[in-house]
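Could you walk me through this structure in the viewer, one selection at a time? I would like to know what to click on and what I will find there.

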Amino acid sequence: MYAEVPTGLADDQQAICAEVHRFGADVLRPASLALDLLTPPEVVDRGSPLWKVFAEWYALGNHAASLPACYGGLELGAATQHGLFVEMGWAAADLAISLGVASMPFQLAAQVAQMTGNDALVDEMIRPFVEDREARYVGCWAITEPGHGSDTLGVGRAEFHDPGGAGACRARRDGGDFIVSGQKSAWVSNGSIATHALLFCTLEEHRGMAGGAVLIVPLDLPGVSRGAPLDKHGQRALNQGEIFFDEVRVPGYCLLADSDMYPFALEMTLTQANTGMSAVFTGLARAAFEQALTYARERVQGGKPIAEHQLVQSKLFTMFARYQQARALSRSVMVGLSELEGLGGLAHAISAKVTCTDTAYALASDAVQIHGGSGLVRGLLVEKLLRDARASLIEDGVNDFLGLVAARQLVDSYVC
Ligand SMILES: Cc1cc2nc3c(=O)[nH]c(=O)nc-3n(C[C@H](O)[C@H](O)[C@H](O)COP(=O)(O)OP(=O)(O)OC[C@H]3O[C@@H](n4cnc5c(N)ncnc54)[C@H](O)[C@@H]3O)c2cc1C
């Protein structure tokens with residue numbers, strides 16, 4: 001009997017992944033399929049299945065999977081985290097992203113607090129998040145603006161330092177505080193439900209996009225408002241929406257990176273986000289392969305299962321091989337980069353994100369093809385996988401543009 005190639009995880013690590021697989025099968029996948037058919041306002045309504053997902057994830061303590069043990073987090077190792085992300089992506093990539101982004105501001109805040117010893121950050125944000133068992137602390141990452149998309153991620157590229165290229169969402173110092181004004185785009189994941197934003201905004205305009213700051217902003221502060229939840233093609237269980245800031249006073253302790261540290265913080269965030277994306281969409285690729293294989297065995301057409309046709313078998317094998325490649329690459333990059341001190345892994349992270357999302361999209365498309373007409377029916381997982389995978393080619397950076405960012409780094413600093 002075929003089974004997954006052993007991952008080399010210890011028994012307790014495998015048990016965590018098996019538990020997340022069960023959670024994915026029992027909770028995430030059914031909720032995601034149900035949410036896919038709702039309107040965006042219905043998705044974020046307090047009565048929707050979304051809140052059951054969040055409540056159960058936080059009740060298990062999994063929201064703190066990557067936070068350091070010194071603040072009460074689970075501090076799972078990179079190999080276990082890879083298995084966890086793959087299982088979540090297998091179940092429902094949209095909810096995997098939503099739950100992952102929910103932790104993002106607190107995770108970066110914890111990394112900063114470990115370096116700086118910012119006690120207010122620890123007491124006001126990090127510990128309450130880790131101890132939360134009811135999803136009262138939900139994060140988002142707000143970087144994209146209506147007039148700024150790919151360029152916000154162009155770290156290392158010449159135009160990143162162009163004085164005319166600064167973002168329009170601005171922070172200025174006022175005593176020890178920061179005053180924030182401007183808007184983040186409708187693409188902010190969890191933008192409709194988040195309680196805290198990891199806000200990337202402009203602090204020193206003359207330095208262009210590089211003159212940014214990173215703040216963790218409680219979204220109940222006076223002057224914060226939201227747009228309507230976005231209606232989109234795929235990943236419909238992932239709520240997204242604009243966030244507006246009108247002279248919002250943010251306490252000084254919420255600063256995670258000033259302009260001197262901004263490129264470093266962006267590169268670190270982009271590296272982690274792209275690494276996580278590679279694992280989540282490896283999971284989606286597996287789901288597509290499994291859907292295709294199951295259907296090919298069951299579908300009897302012209303008197304025999306379509307799995308008996310050579311062309312179908314060939315397609316199934318190619319899908320399997322591509323999934324194995326994605327799994328090996330995403331795992332080696334996630335584990336390898338966790339051992340790296342400082343920067344230097346962005347090109348690797350991007351190579352994993354681009355390869356694994358391309359693979360997920362190709363395999364979801366193949367799975368639809370193997371389903372024939374049945375693959376186009378709304379409400380079936382295979383049709384949803386294709387829409388969810390399509391969004392991943394743009395999410396956390398358009399794949400083409402990310403390739404340019406990685407190429408810049410390779411040309412400038414790769415040692416042969
Ligand atoms: C599902 C999903 C989730 C997302 N989640 C978040 C989130 O949580 N937070 C957030 O802030 N944003 C989020 N985004 C936004 C996402 O990061 C942006 O969509 C992405 O960076 C691209 O920006 P854009 O859509 O403005 O496209 P543009 O930057 O306008 O790009 C459009 C096209 O032009 C090309 N292009 C642009 N610049 C160049 C260049 N210099 N050279 C060559 N080609 C170029 C691109 O490759 C692309 O094909 C999300 C997007 C999606 C789809």
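This is a predicted model: local features need pLDDT of at least 70, side-chain atom pairs count only at pLDDT 80 or more; totals for chains, interfaces and linings use all residues.

**Stop 1: the ligand shell.** Select the ligand and the residues around it: the shell has 20 residues, and the closest are Trp141, Thr144, Ser150, Trp187 and Ser189. Colour the shell by residue class and you will see ten nonpolar, seven polar and three charged residues.

Stop 2: Now show distances from the nitrogen atoms of the ligand. A polar backbone atom of Trp141 is 2.6 Å from a ligand nitrogen. At Ser189, look to the side chain instead, where a polar atom lies 2.8 Å from a nitrogen of the ligand. For Trp187, a backbone N or O atom is 3.1 Å from a ligand nitrogen. On its own the ligand has 980 Å² of accessible area, and the protein covers 69% of that.

**Stop 3: the wider setting.** Next, colour by domain. The ligand lies between domain 2 (139-261) and domain 3 (263-413), because both give residues to its shell. Then highlight strand 1 (139-142) and helix 11 (399-413), each of which supplies at least two shell residues.

**Stop 4: Ser98.** Finally, move to helix 5 (residues 93-116), where Ser98 sits. Is Ser98 buried or exposed? Ser98 is buried, because its relative accessible area is 0%, and the cut-off for buried is under 20%. Select Phe54, Asn190, Leu238 and Asn239 to see what Ser98 contacts, leaving aside neighbours within four places in sequence.

Methods: Residues are numbered from 1 along each chain as its sequence is written. Side-chain values use heavy atoms; hydrogens and water are left out. Helices (H or I, at least four residues) and strands (E, at least two) are DSSP runs, numbered from the N terminus. Buried means under 20% relative accessible area, exposed over 50%, partly exposed in between (1.4 Å probe, protein chains only). Contact means heavy atoms within 4.5 Å. A residue is near a molecule or strand if one of its heavy atoms lies within 4 Å of it. A polar contact is a pair of N or O atoms within 3.5 Å; within protein, one must be able to donate a hydrogen and the other to accept it, and residues adjacent in sequence count only if both atoms are side-chain atoms. Accessible areas come from the Shrake-Rupley method with a 1.4 Å probe; for residues, only the protein chains shown count as cover. Ala, Val, Leu, Ile, Met, Phe, Trp, Tyr, Cys and Pro count as nonpolar, Asp, Glu, Lys and Arg as charged, and the others, Gly among them, as polar. Domain bounds come from an automatic or database domain assignment.
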